[in-house]
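Here are a few notes to read alongside the model. Take them one at a time and keep the view open as you go.

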Amino acid sequence: MVNQLDYADTVNWRANMTTAVEAAGYSVDVIWVLLCAVFVFFMQSGFALVEVGTVSMKNTKNILTKNMLDACIGALSFWLIGFGLAFGKASGGSFSFIGTNDFALTGEMANGSNAFPDRSYDGKGLAFFLFQFAFAATAATIVSGAVAERCQVAAYFTYSFVLTCFVYPVVVHWGWGEGWASAFHSDSSDRLYGVGVVDFAGSTVVHTVGGCTALIAAIFLGPRYGRFDANGNPNTMPHQSSTFQTVGVLILWVGWYGFNCGSTLTVDGGAADVAGLTAVTTTISATASGLTSTILGRWWEGHISIERTNNGILGGLVSITAGCAVVNPEIAFVIGIIGGAIYFLSSRMLEYFLIDDVVEASPVHFFCGIWGTLAAGIFATPSNMEMAYGTGSCGLFYKCDGNGPLQFAANLTFIVVVILWTAILGIITFTILAITNKLRVSLETEKVGLDVKEHGGSAYENYISRRVSKMVSASPILKSHAARHDNKPKQPKVETIVENEAAC
């Protein structure tokens, strides 16, 4: 009898221990996803600094307002509609177009956890929503820098809503949900060409979508006043601070570790190893690309440009995002070098075609995003694919039961379809905005600055006033003119000051 009781106690103890270990693993995964989500959302600070550093002082409030309200609009639209379209139940079997439930988180995450049915909500699922919202906000923010300094606020918020509510979530469903291109179908016959697309953290899902929209928006808006001369030669436009831009890129770089490593969505089992590999490949690609673009800039343009270095680093980060978990470090070096060259050459190409992308969002995100997804279809190793995806596929350069060509074909097909989808909806949206005169600000507003015309005054009003006062005090001519006008120095209006600075 004693032995039977001892045996029963042992069984119960083991069951309790198993439950405790599972609960601990569940909690660690929730913390991991939440931490990475915060890292990704903090990238909004990096985007804000990059954009503020690149635009002129007279448009500071405007670009900051767009970044802040971008997050607000993105959060609500993705919560209400976008998340359900992205990760809801499939609409049409293995070739699903959109998700059909979980709108406003009214599905399983609101009604209980699969792992712990006694709980009223699923913390891991809610953390997953936060992580995915941060990705959606990133896709939308990519566009804001490209259209800076001449886009109406209402137009920006319109396409930000369309992007986070519909365009981006549908692509997410295709590549990461239960859609037609997903590699996460349990049955290989349900995957595109039997393998599915490999885009681990979103070179195409996030960056090509955002970059394509940015390119179309820049084309529709046209260049800023004074960006090109009468012969089509580019002029250097006033920008606020290389310091802001560089600090912003460093913040984005740090946030990218949450972006790429966090895409494991767990640290259980081999996922921790995948996260470690991802961190290394991300670093190597970024540094190789930054050096490549710097060298090309020195050779082509005759000087070392911090802007080329910064955007080259971002181009390398975008280039590795699709394959960060499935390529080896030495291949990440190659991907980064090619990514840096693609960024630099596409940047020069836009200038040749008189396309004004203020922060070079499309060279960084669109062109490097395409390259990153193609690279994953070329260089993914069989062992890394097994670790990250649990499949027997590989890239074009490797042998894995003939799946290499199929993997490259799947990635290429996904890129083409996503570009067509994004471009068509972007063209429709911007055409409507242009026809209704809601797209571009007036020339007067552009010259004076959007801060004065649309945001109640310059972000640096006191600073500019002090500068002008010193200029008046230091100049006998200006002082004499001011004395004749009012018997005392009088500060010019901020509108006049900003307009004069723009003219300079």
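1. A word on terms: patches are made of residues with over 30% relative accessible area and no salt bridge, with like charges joined within 9 Å and nonpolar side chains (Val, Leu, Ile, Met, Phe, Trp, Tyr) within 5 Å. A salt bridge puts a side-chain nitrogen of Lys or Arg within 4 Å of a carboxyl oxygen of Asp or Glu. This is a predicted model, where local features need pLDDT of at least 70 and side-chain atom pairs pLDDT 80 or more, while totals for chains, interfaces and linings use all residues. Residues are numbered from 1 along each chain, and side-chain values use heavy atoms, without hydrogens or water.

2. Now the patch: Leu 412, Val 416, Leu 420, Ile 424, Ile 428 and Ile 432 make a nonpolar surface patch of about 530 Å². Leu 412 sits in helix α13 (residues 403–435).

3. Buried or exposed: which is Gly 222? It counts as buried, because its relative accessibility is 15%. Look for Gly 222 in the loop between α6 (203–221) and α7 (242–261). Gly 222 and Cys 151 lie 71 residues apart in sequence, yet their C-alpha atoms are 10.0 Å apart in space.

Conventions. Accessible areas come from the Shrake-Rupley method with a 1.4 Å probe; for residues, only the protein chains shown count as cover. Helices (H or I, at least four residues) and strands (E, at least two) are DSSP runs, numbered from the N terminus. Buried means under 20% relative accessible area, exposed over 50%, partly exposed in between (1.4 Å probe, protein chains only).
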